[in-house]
Protein chains: 2
Amino acid sequence: MTQLNNVGIIKKANIYFNGKVTSRTVLFPDGTKKTLGIMLPGEYEFSTDLKEEMEIISGKLEYKLSGHDWVTIDGSGIFYVPANESFQLKVHTVADYCCSYLNE
Amino acid sequence: MTQLNNVGIIKKANIYFNGKVTSRTVLFPDGTKKTLGIMLPGEYEFSTDLKEEMEIISGKLEYKLSGHDWVTIDGSGIFYVPANESFQLKVHTVADYCCSYLNE
């Protein structure tokens, strides 16, 4: 089972949309961070500061980047969101994700 | 902000009750583990293998240990569940928790 090692984790959860989207922040020795989160079915819009790598570990959803069409992920998949953009999600089944914040 | 340091975290979430209860497993260098989780409003029953320390970081809920009355936690609080028992929860608002598994 994939495990992130030698990390710090902030105990308190990040809670959005009345708990329908929640995550925990994981801090790496090199100063980078990831969030491990859960999204329940629903429609959401998020915006980025840094570029983000969104890895869907499990779940079925559609995502839409600014200026692009809707794309479906069913099971697992990965997509990237540029810095300082917003993106939309239609989550169809409980989605488990890992978001990496990229300093590029 | 309280942070758990020098730990491992299993990337994949633990998902129960259709995603209404989810957690992440955190592994400590001494071999012990905790789970950091979220419970959405609802009624749940869980059972323990090891003794558990349930720390409610935020949220409002009632819990009932076997043979005891219902007890309310509003905001934060802590309770212990003996090994090999079941306990009931009525979660009234999104609850953020940290469960420690105790080898006693």
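## Close-up views of a two-chain predicted model

**View 1. A salt bridge links Asp96(B) to Arg24(A).** Let us start with one pair of side chains: Asp96(B) and Arg24(A) have their closest N and O atoms 2.7 Å apart. A salt bridge here is a side-chain nitrogen of Lys or Arg within 4 Å of a carboxyl oxygen of Asp or Glu. The rule finds 4 salt bridges across the interface of chain B and chain A. This is a predicted model, in which local features need pLDDT of at least 70 and side-chain atom pairs count only at pLDDT 80 or more, while totals for chains, interfaces and linings use all residues. Residues are numbered from 1 along each chain as its sequence is written, chains are lettered from A and ligands numbered from 1 in the order in which they are written, and side-chain values use heavy atoms, with hydrogens and water left out.

**View 2. Lys11(A) reaches Glu55(B) in another salt bridge.** Here, too, the closest N and O atoms are 2.7 Å apart. Lys11(A) sits in the loop between strand 1 and strand 2 (14-16) of chain A and Glu55(B) in strand 6 of chain B, so the pair joins two chains. Strands are DSSP runs (E, at least two residues), numbered from the N terminus.

**View 3. Chain B and chain A meet with 30 residues from each.** Contact means heavy atoms within 4.5 Å. About 2600 Å² is buried between the chains, and carbon and sulfur atoms give 66% of that area.

**View 4. Strand 1 of chain A runs antiparallel to strand 1 of chain B.** The two are joined by 5 bridges; strands pair if DSSP finds at least two bridges between them. To find your place, look for Gln3(A), which stands opposite Ile10(B). Within chain B, strand 1 also pairs with strand 3, in the antiparallel sense, over 2 bridges. There, Ile9(B) stands opposite Val26(B).

**View 5. A rotation of 180° superposes chain B on chain A.** The shift along the axis is 0.0 Å and the RMSD is 0.0 Å. The two copies are thus related as by a two-fold rotation axis. Superposition is by least squares on the C-alpha atoms of residues with pLDDT of at least 70 in both copies. Of the interface residues of chain B, 100% are also interface residues in chain A, so the copies meet through the same surface.

**View 6. Strand 7 and strand 8 of chain A form a hairpin.** Strand 7 (residues 60-65) and strand 8 (residues 70-74) run antiparallel and are joined by 5 bridges. One place to look is Leu61(A), whose bridge partner in strand 8 is Ile73(A). The hairpin has 4 residues between its strands, and Gly67(A) in the turn has a positive phi of about 80°.

How values were computed: Buried area = accessible area lost by both parts, 1.4 Å probe.
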